[in-house]
Structure formats: C-alpha cells, structure tokens
Amino acid sequence: MPLLVLYNPVSGDSTAKAFFDEHVLPLLKTSGKVVDQVVATEHPNHAGKILVDFVEQHEGEIAVVLGSGDGTLNECITTLSSAQLTGARAGAPPKVVFVLVPSGTANALYSTLFPPPAEGTADVTYRLQSVKSFLAGAKTRPLTLAITTLSSPPSARKRPQARISAVVVSTCLHASILKDSEALRQEMPGLERFKVAAEKNGNKWYNSWVKLLPAPGAEVVQIYDPTTQAFIDHPESDSEDPIVDMDGPFAYFLATVNVDRLEPAFMISPLSSRLPPTEAACDLVIIRPFRSPAVSSDTAATREAFTAISWKVLGAAYRNGSHVDLRYDAKGEVTSEGDGPSVVEYIRCGGWEWVPVDEDENAHFLCTDGAISTIEKEGRAVCSAAMPSADAGFLVHI
Ligand SMILES: Nc1ncnc2c1ncn2[C@@H]1O[C@H](COP(=O)(O)OP(=O)(O)OP(=O)(O)O)[C@@H](O)[C@H]1O
C-alpha cells in the first residue's frame with residue numbers, strides 16, 4: 001500500500017519534526033516499511049494539497065502516517081473529500097487509512113482511540129500506538145463524518161457551503177472559546193489558552209431555533225436517561241413525528257463524532273465510548289439554562305449567576321465525563337442525586353439544524369474541528385452524520 005508520511009511542524013508544541021526524525025521514521029525503516037514520500041507542511045491547508053497530489057500519483061488504498069493535531073487531520077479529510085480528482089482517480093476517491101502520531105495541542109481523536117495513562121501523553125510509547133497497530137497489520141476503524149451545510153437566506157441566492165468534521169461541530173460557548181483562543185496561540189501554545197478564552201465567554205447565552213433529526217436507521221431521536229443510564233426515545237420524538245423542536249436560550253451546544261473527549265481529560269461526550277452508536281450518529285451535549293428551577297428570566301444577573309452551573313458541568317466533564325448524570329434539585333443547585341431535571345441534555349441523533357436568532361450575533365459562530373465559520377443573518381447550519389461506503393472513506397489504525 002502506498003505510504004505517505006506527513007507532519008505539521010508547528011502543531012502543538014512544534015516538536016513533530018524531532019519526534020518523526022528520532023522515533024517514527026527509524027521505526028518504519030527497521031520494520032521494513034517502504035515510505036513513498038516524507039513531507040512537512042509549509043503553510044495552513046498544505047496538508048490537504050499534499051494528500052490529494054499523493055493520491056493522484058499512486059494506486060489503490062493509501063496509508064498516511066500523520067503527525068499533527070485534529071486540525072490538520074481535518075484539512076486532509078476536507079480537501080480530499082472536495083477535490084476533483086483527475087486521471088485514474090477521477091470520480092473514484094480512494095480509501096485512506098490514517099496512522100496517527102499525536103503532535104497537536106488537544107489530539108481529541110487520538111486520545112479517544114488511545115485513552116492516555118495517568119502519567120500523561122508525552123511518553124514515546126504512548127504516542128506510537130497507532131504506528132504499532134499499522135506495523136502489526138492490526139485493526140482499523142472507519143470515521144463517521146459530520147457534514148454541516150451553511151445556508152444563506154433564500155433571498156441571497158447563494159450556494160450553501162459545506163464543512164466537514166471528524167471530531168466536533170459546535171456553537172455557543174465552545175465555538176466562542178475556539179474563536180478567541182486562536183488569537184492566543186502564539187502566547188500560549190498549550191491547553192491553557194482554552195481556559196483563558198472560557199473565562200471571557202462564560203456568561204453568554206445564545207438564542208437559536210433548533211431541530212433534532214433521527215439517525216437514518218433509527219425511528220426516533222434518542223436522549224440519555226441518567227436514571228437508567230441508557231438511551232431512551234426522546235419524549236417528543238415518535239415514528240409519526242420524529243423531529244424534535246428545541247427553544248433557547250442555550251449556554252452550550254456541541255456535537256461530536258468519533259470522539260468521547262476534546263482533550264485527553266475533557267470527556268464531554270463520554271457515552272460515545274460507554275454506549276457506542278451502532279450507526280452514523282452525532283452525540284449532542286446541550287445546556288439550556290431555563291431547565292434550572294432557579295432560572296426563569298434572561299437578564300444580565302441570571303446569566304452571570306448561571307456561569308457557576310456551566311463551570312460545574314464542564315468541571316465534571318474533566319472528571320470522567322460525570323456531567324451526564326448531574327441534575328438540579330428543587331432550588332436549582334446541581335447534584336448527582338435525586339430525580340430532578342438533568343442539567344445536560346445528552347442527545348443521540350442523525351443530525352440537527354441551528355437557526356440563530358438574527359439579533360444574536362454570538363449565536364452565529366460555528367466551530368468545525370477548530371475552524372470557525374460565521375452563519376449569515378437569516379441563514380442556518382444543518383449538520384448530519386454520515387459513514388462513507390465500504391470502498392472509500394477514511395479509517396484510522398487503532
Ligand atoms: N507549516 C505551517 N505553518 C503554519 N501553520 C501551519 C503549517 N502547517 C499547518 N498549519 C496549520 O496549523 C494549524 C494547527 O494544526 P493542528 O490542528 O494539527 O494542531 P493543533 O491545533 O496544535 O492541535 P489540535 O487541533 O489537536 O488542538 C492548522 O490550522 C494548520 O492549518
């Protein structure tokens with residue numbers, strides 16, 4: 001199988017080149033793997049172009065040893081998915097098997113596939129697990145893709161734009177954090193930039209109309225029930241009318257595919273590994289402040305007071321994803337006991353629609369694997385989960 005070795009020398013703490021020179025390339029060589037090309041990216045979006053060129057120059061399934069974070073992986077998937085391939089590849093995109101070497105800041109996909117040991121993620125052996133799987137000819141897993149279509153208002157008569165994600169699609173707090181944290185990258189190369197950006201955005205609420213759509217093979221939308229610790233049919237979704245309508249305001253709205261965490265310890269969608277989906281589906285984590293018995297109005301004071309609840313939820317996500325079982329007591333305090341309303345609505349669905357209220361500028365940001373897009377006024381974002389056919393698509397070595 002043609003083998004491309006590709007790394008982003010500036011992802012994470014910029015150590016990918018040293019790690020490849022010292023560990024990855026020697027290991028491939030001593031294992032007898034013939035590497036067809038070794039390339040370092042030179043600028044944003046370069047990874048996708050390198051992959052497309054490689055695909056056009058080689059036949060059959062392609063293996064890519066990729067040293068990067070989730071952003072560069074996304075560039076590879078996005079560029080190849082939208083490329084007009086020429087020659088023998090025209091109209092027939094190949095199967096691409098990624099062998100991941102975590103070299104980014106968050107490495108969400110890698111740390112989901114290989115949950116990190118307590119000692120952390122810097123260890124050489126820890127970082128070479130996907131490479132070892134590749135060398136052993138061990139298992140691969142297909143990636144589900146979340147495809148989000150951004151539409152302009154009908155009067156604009158513009159084509160919708162598609163964004164592809166292999167990890168996360170979000171609005172609200174997470175999108176605001178990612179938007180602001182990018183400006184801090186130089187100053188803070190590690191995960192602390194996300195915390196600084198979170199402080200700035202904690203008291204925002206977002207107004208939007210939302211629809212939840214069932215997965216293709218499921219009749220209805222599903223919701224996690226903390227009492228039985230299982231998914232159940234959403235009470236507002238049945239075979240007659242499976243689509244669930246949701247009102248805001250929202251404090252948090254985030255969908256994942258393929259991952260149960262966005263950083264090694266931040267397990268925001270833990271059920272994707274505890275109760276794995278059997279088909280292409282998004283796991284959606286939603287916080288709506290009006291579910292709290294203590295919140296009945298949207299004012300600066302209620303928003304400020306609710307910040308403590310959001311931090312409790314996100315703090316519990318760092319403790320093994322325990323936020324999914326949090327509830328409100330009668331006074332609106334957060335507890336892990338009783339039978340009050342769940343603080344988080346944890347949904348499993350085939351897709352969703354986000355139609356931001358025009359006046360709410362902050363509700364117009366969308367994050368797809370770290371990249372930020374702006375939904376136009378009177379526009380919308382529609383996301384659906386898809387699994388590619390058996391002879392195409394993207395896989396990872398596990
Ligand atoms: N040579 C380069 N110079 C500057 N930027 C680059 C170069 N190569 C790639 N990039 C950009 O670097 C950005 C960050 O890459 P990547 O997502 O892999 O790492 P990360 O953000 O540190 O990790 P993670 O996504 O896991 O948090 C990408 O948006 C990519 O476009």
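**View 1. Strands β9 and β18 pair in the antiparallel sense.** Strand β9 (residues 208–213) and strand β18 (residues 351–356) are joined over 6 bridges, where strands are DSSP runs (E, at least two residues) numbered from the N terminus, and two strands pair if DSSP finds at least two bridges between them. Within this pair, Leu213 stands opposite Gly351 of β18. The model is predicted, with local features needing pLDDT of at least 70 and side-chain atom pairs counting only at pLDDT 80 or more, while totals for chains, interfaces and linings use all residues. Residues are numbered from 1 along each chain as its sequence is written.

**View 2. An open sheet is formed by 6 strands.** The order is β7-β6-β21-β18-β9-β12, with antiparallel pairing. At the edges lie β7 (161–165) and β12, each of which pairs on one side only. Neighbouring strands of this sheet are turned by 15 degrees against each other on average, direction ignored.

**View 3. Asp241 lies in the loop between β11 (230–233) and β12 (244–246).** Asp241 counts as exposed because it has 10 C-beta neighbours inside 10 Å, the limit for exposed being 12 or fewer other C-beta atoms within 10 Å of the residue's own, with C-beta atoms placed from the backbone. The C-alpha atom of Asp241 is separated by 9.5 Å from that of Glu219, 22 residues apart along the chain.

**View 4. The shell around the ligand holds 22 residues.**

Technical notes
Helices (H or I, at least four residues) and strands (E, at least two) are DSSP runs, numbered from the N terminus. A residue is buried if 20 or more other C-beta atoms lie within 10 Å of its own, exposed if 12 or fewer, and partly exposed in between; C-beta atoms are placed from the backbone. A residue is near a molecule or strand if its C-beta atom, placed from the backbone, lies within 6 Å of it. Axes are lines fitted to C-alpha atoms, for helices over the stretch in contact, and angles run from 0 to 180 degrees between N-to-C directions.
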